[in-house]
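Subject: Structure for you to look at

Hello,

Here is the structure I promised to pass on. Please open it alongside this message.

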Amino acid sequence: MSNRTAVISGASIAGLSTAWWLSRTGWEVTVIERAAQFRDGGQNVDIRGVARDVLRRMDLFEAVAARNTTETGTVLVDAQGAVTVELPSDGAGGATAELEILRGDLARTLLDHLPDDVHFVYGDSIAEVVDTSDGVAVRTAGGLDLQADLLVVAEGVRSRTRSLVFREDEVDVRDLDVTMVFGTIPRTPGDDDRWRWHNAVRGRQIHLRPDPYGTIRAILAYSPGDDVLEAGREQMLALVRARYADAGWEAPRILDAFETSPDVYVDQLQQIRMTTWHRGHVVMAGDAAWCVTPMGGGGASLALTAGYVLAAELAGSDETEMALAAFEAWMRPLVEDVQDLPRGLKAFAYPQTRPGLAVRGVVDRLMTSRPFRPLTAKLTQVAETDRALPEIRAFGGRSG
Ligand SMILES: Cc1cc2nc3c(=O)[nH]c(=O)nc-3n(C[C@H](O)[C@H](O)[C@H](O)COP(=O)(O)OP(=O)(O)OC[C@H]3O[C@@H](n4cnc5c(N)ncnc54)[C@H](O)[C@@H]3O)c2cc1C
């Protein structure tokens with residue numbers, strides 16, 4: 001019997017994990033990536049919960065651990081930089097998890113360990129999808145025609161192929177009214193190896209996190225957010241400069257450094273909720289299907305896990321639609337667990353007023369006090385489940 005064939009759109013965590021697992025279970029895989037070349041960039045992500053088991057099954061746990069960001073803990077700081085609260089970071093799933101890695105380093109690790117016969121098409125994207133009784137036909141903007149048994153759409157939160165397959169009323173895009181600006185900035189002698197987090201009034205957060213390259217990853221996150229997706233770099237930086245003019249702590253340093261940062265980018269947080277993740281021979285995976293945003297956390301863990309669960313369910317069944325339904329049934333509880341944000345979380349995370357900030361400080365101290373510490377530690381747990389991962393019965397047995 002000839003191998004089953006898959007087209008995967010998107011070469012990041014969800015797409016590469018799926019490519020890894022499908023190819024190891026006997027599929028012929030073509031990955032289409034819109035970017036002209038492999039995308040290395042991105043900020044800190046972590047691997048938690050069941051995704052740690054998936055990494056172990058890939059034999060990549062040590063490889064990921066070796067590229068750790070070097071972050072040792074997470075602290076909240078006041079306007080002078082003094083630590084007010086230390087968040088629990090002991091164990092595998094603390095505020096700073098055992099496995100902290102830059103998104104690009106995680107993607108690169110997956111890429112480096114893919115079997116050689118996974119085929120890549122860069123600088124192209126899907127323009128047309130036709131699902132038939134025995135497969136799916138894909139035409140790309142570059143004029144490539146591909147026939148496959150399966151199309152996996154792993155294009156991230158702003159997926160375009162999603163709307164070629166699913167109706168508008170099947171995709172709920174929820175704007176969380178939070179803007180985040182990220183950038184790599186020079187390290188200074190005052191920096192250390194902790195994630196330092198400062199809250200300022202009017203819903204402004206400032207974050208500094210170490211990376212393994214001797215630089216610092218800075219994030220400015222604020223709510224209410226700005227409409228910045230269409231803004232150019234200069235316009236966006238001007239908006240953020242105005243917003244953070246009196247935010248204190250390290251804001252002036254970060255704003256100055258962002259002017260020359262090589263990779264500064266901005267995002268508006270949007271959750272994606274779909275009524276179904278599969279239709280015919282097409283399945284959605286990762287942020288394209290269920291973006292949880294950093295407010296929920298665990299996006300990388302869910303994307304990594306999705307590749308394994310999808311391949312396992314497909315290996316266990318000749319009926320594609322049944323396997324895709326089983327994939328969805330397995331993943332959905334993990335996703336919903338992080339998408340259903342606790343009521344009041346945004347107000348807590350982004351205090352607007354001085355009294356609000358003061359209340360936040362009291363609650364922070366209470367939550368990190370000895371009696372509440374175990375409960376607080378649970379808040380950073382994502383992708384946790386008592387269910388066993390589906391087993392891959394018929395392992396295709398290809399080596400990397
Ligand atoms: C600041 C920040 C902090 C985060 N922190 C965490 C964290 O602590 N823990 C965690 O687990 N997760 C975190 N995440 C989320 C995590 O990075 C994502 O959830 C995860 O990378 C999802 O992977 P993905 O493959 O689904 O999508 P993406 O990483 O968005 O990749 C999509 C890929 O598809 C490509 N693409 C897009 N459109 C097309 C197209 N039309 N055709 C072909 N290719 C296309 C893109 O170029 C990209 O390569 C964080 C995210 C951010 C921004």
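This is a predicted model: local features need pLDDT of at least 70, side-chain atom pairs count only at pLDDT 80 or more; totals for chains, interfaces and linings use all residues.

Helices α1 and α10. Two packed helices are described by the angle between their axes and the distance between the axes. For α1 and α10, the axes come within 8 Å and cross at roughly 30°. Since angles under 35 degrees count as roughly parallel, α1 is therefore roughly parallel to α10. The crossing of α1 past α10 is right-handed. On the α1 side, the contact is made by Ile 13, Ala 14, Ser 17, Thr 18, Trp 21 and Leu 22. The residues from α10 include Ala 300, Ala 303, Leu 304, Gly 307 and Tyr 308. Taken over both helices, the contact has eleven nonpolar residues, three polar and no charged.

Helix α2. This helix covers residues 50-57, and its buried residues are Val 50, Ala 51, Arg 52, Val 54 and Leu 55. Among the elements that cover them are α1 and α10 again, together with α3 (61-66) and α11 (320-339). After α2 comes Asp 59, which has a positive phi, near 60°.

His 278. This residue lies in strand β17, residues 278-279. Beyond its neighbours within four places in sequence, His 278 is in contact with Phe 166, Val 283, Glu 321, Leu 324, Ala 325 and Glu 328.

Regards

Technical notes. Residues are numbered from 1 along each chain as its sequence is written. Side-chain values use heavy atoms; hydrogens and water are left out. Buried means under 20% relative accessible area, exposed over 50%, partly exposed in between (1.4 Å probe, protein chains only). Helices (H or I, at least four residues) and strands (E, at least two) are DSSP runs, numbered from the N terminus. Contact means heavy atoms within 4.5 Å. Axes are lines fitted to C-alpha atoms, for helices over the stretch in contact, and angles run from 0 to 180 degrees between N-to-C directions. Angles under 35 degrees count as roughly parallel, over 145 as roughly antiparallel, 65 to 115 as roughly perpendicular and the rest as oblique. A crossing is left-handed if the near helix is turned anticlockwise from the far one by less than a right angle, and right-handed if clockwise. Ala, Val, Leu, Ile, Met, Phe, Trp, Tyr, Cys and Pro count as nonpolar, Asp, Glu, Lys and Arg as charged, and the others, Gly among them, as polar.
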